[in-house]
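Work through the following exercises with the sequence and the three-dimensional view side by side. Try each task on your own before you read its solution.

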Amino acid sequence: MPSTYEPIATTTLGSSAASYTFTSIPQTYTDLILIAIPLATSNGQASYIRVGNGSIDSGSNYSMTALGGNGTSATSIRRTSATEYSVEYLPAADTTAKDIITVHFMSYSNTSVYKTFLSRSGNASYGTDTTVGLWRNTAAINQISVTSGAYATGSTFTLYGVKSA
Amino acid sequence: MPNTFTKIASVTVGSGGSSSLDFTSIPQTYTDLCLKISTRDNAASVQNNIIFKINGVTTSQSLRYLLGNGSGPSSVSDTPIYFASNANNSTSNTFSNIEVYIPNYASTSVNKSVSVDSVSENNATAAYAQLTAGLYASNTAITSISITGNGGSSFLQYSTATLYGIKNS
């Protein structure tokens, strides 16, 4: 059986940081899965994703649709021509309870298609949401950044590669 | 490079049914746990909740979920951690589809966050899709997981649950 769910890189922050970036992502997988367990330095900070090839793209090339619930009501939003992919639009990470953020990057190395993302995030103190996203670029993704107001010491970010065969 | 999505144990319910699906003595050698569940229980309803026991109890648990049933979505804050499964009045032969993800389950220094995606589709009027953010507010390592049907119901034959361990290196 082939090895199809492989760790590419992982980090646990030894000090607070505004973002973390995976670089030199190998192009040998079909999809990527990011598992982020962020802890914030202050309450209610959400995370967002940017990707790129050679450098992180902060242009208006992202769009997304999100559906979420905060324990009281359910809502949905859309953003177009955004400068990032918001994987959490509800208030999120706080100083005591960690989020779980899972992001699937489909066909990230295919240079013929725009890249689509599917994410889930949740924090029992704030709520849960699911988001679909698009990066309007055919370049292969070899960099991914995860950004928030400030990630606290102990936040973890792990990138896995998934092969279809 | 190692294959890091490894089956720890799997349970399939036989013809006699089962009141619970249990995973005990979970090895502490992985980074995260992923539990895949497909269930149907004998409650006299279309849908019944599954109760999620960690280390044998439901204490110190809370959740917020987003629920869709084909009309207006809703969101609820509640205790303990639970999620939807097909029950005996669902369309015949239909079972739930559930994934539970638990990072840092072996940590003895942090509370445990739990993410759950569950559906009980059955091609009938009532069906549910539920996304859950759960919390087990304990820094005790998770060594056992058990799921039971709400109200003392039993899981029916062909219900399954498989626990996987994931390593980040």
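The exercises below go from whole chains to sheets, strand pairs, a loop residue and the contact between the chains, and they concern a predicted model.

**Exercise 1. Describe the secondary structure and the overall dimensions of chain A.**

Solution. Begin by counting the elements: chain A has zero helices and twelve strands, and reading along the sequence therefore gives the pattern β-β-β-β-β-β-β-β-β-β-β-β. Next, take the radius of gyration, which is 15 Å for chain A and lies close to the 15 Å that the globule rule gives for 165 residues, so the chain is as compact as a globular protein of that length. Along the principal axes, the C-alpha atoms of chain A fill a box of roughly 40 × 35 × 35 Å. Then turn to burial, where a residue counts as buried if 20 or more other C-beta atoms lie within 10 Å of its own; buried residues make up 46% of the 165 residues in chain A. Finally, look at the contacts in chain A between residues at least 6 apart in sequence, of which 75% join residues at least 24 apart.

**Exercise 2. Carry out the description for chain B.**

Solution. The count for chain B comes to zero helices and twelve strands, which follow one another from the N terminus as β-β-β-β-β-β-β-β-β-β-β-β. The radius of gyration of chain B is 16 Å, close to the 15 Å that the globule rule gives for 169 residues, so this chain is as compact as a globular protein of that length. The C-alpha trace of chain B spans about 45 × 35 × 30 Å along its principal axes, and buried residues make up 44% of the 169 residues. Among the contacts in chain B with a separation of 6 or more, 80% are between residues 24 or more positions apart.

**Exercise 3. Find the edge strands of the open four-stranded sheet in chain A, and explain what being at the edge means.**

Solution. First write down the strand order, which is β2-β11-β4-β7 in chain A, with antiparallel pairing. The edges are held by β2 (17-22) and β7 (85-86) of chain A, each of which has a single partner strand, so one side of each is left without a neighbour in the sheet. Now examine one pair in detail: β2(A) and strand β11 (residues 143-151) of chain A run antiparallel and are joined by five bridges, and within this pair T21(A) stands opposite S145(A).

**Exercise 4. Describe the open four-stranded sheet in chain B.**

Solution. The order in chain B is β2-β11-β4-β7, with antiparallel pairing. At its edges stand β2 (20-23) and β7 (82-86) of chain B, each with a single partner strand, so one side of each has no neighbour in the sheet. Neighbouring strands of this sheet are turned by 25° against each other on average, direction ignored. In the pair of β2(B) and strand β11 (residues 145-149) of chain B, which run antiparallel, there are four bridges, and the bridge partner of L21(B) is I147(B).

**Exercise 5. Locate the hairpin formed by β5(A) and β6(A).**

Solution. Strand β5 (residues 62-69) and strand β6 (residues 74-82) of chain A pair in the antiparallel sense over seven bridges, and in this pair A66(A) stands opposite I77(A). Four residues lie between the two strands of the hairpin, and G71(A), in the turn, has a positive phi of about 100°.

**Exercise 6. Is S15(B) buried or exposed?**

Solution. Start with its place in the chain: S15(B) lies in the loop between β1 (5-12) and β2 of chain B. With 7 other C-beta atoms within 10 Å, S15(B) is exposed, since the limit for that class is 12 or fewer.

**Exercise 7. Describe the side of chain A that touches chain B.**

Solution. Count the residues first: 28 residues of chain A are in contact with 32 residues of chain B. Several strands of chain A each supply at least two residues of that side, among them β3 (31-37), β8 (100-106) and β9 (115-123), while β1(A) gives the most, with four residues. Sorted by type, the residues on this side of chain A divide into nine nonpolar, 15 polar and four charged.

**Exercise 8. How confident is the prediction for chain A?**

Solution. Chain A averages a pLDDT of 90, and 92% of the residues score at least 70. Among its elements, β11(A) has the lowest mean pLDDT (91), and strand β4 (residues 48-52) has the highest (97).

Conventions: Residues are numbered from 1 along each chain as its sequence is written. Chains are lettered from A and ligands numbered from 1 in the order in which they are written. This is a predicted model: local features need pLDDT of at least 70, side-chain atom pairs count only at pLDDT 80 or more; totals for chains, interfaces and linings use all residues. Two strands pair if DSSP finds at least two bridges between them. Two residues are in contact if their C-beta atoms, placed from the backbone, lie within 7 Å. Ala, Val, Leu, Ile, Met, Phe, Trp, Tyr, Cys and Pro count as nonpolar, Asp, Glu, Lys and Arg as charged, and the others, Gly among them, as polar. Axes are lines fitted to C-alpha atoms, for helices over the stretch in contact, and angles run from 0 to 180 degrees between N-to-C directions. The radius of gyration is taken over C-alpha atoms; the globule rule is 2.2 Å times the number of residues to the power 0.38. pLDDT is the predictor's confidence in each residue, from 0 to 100.
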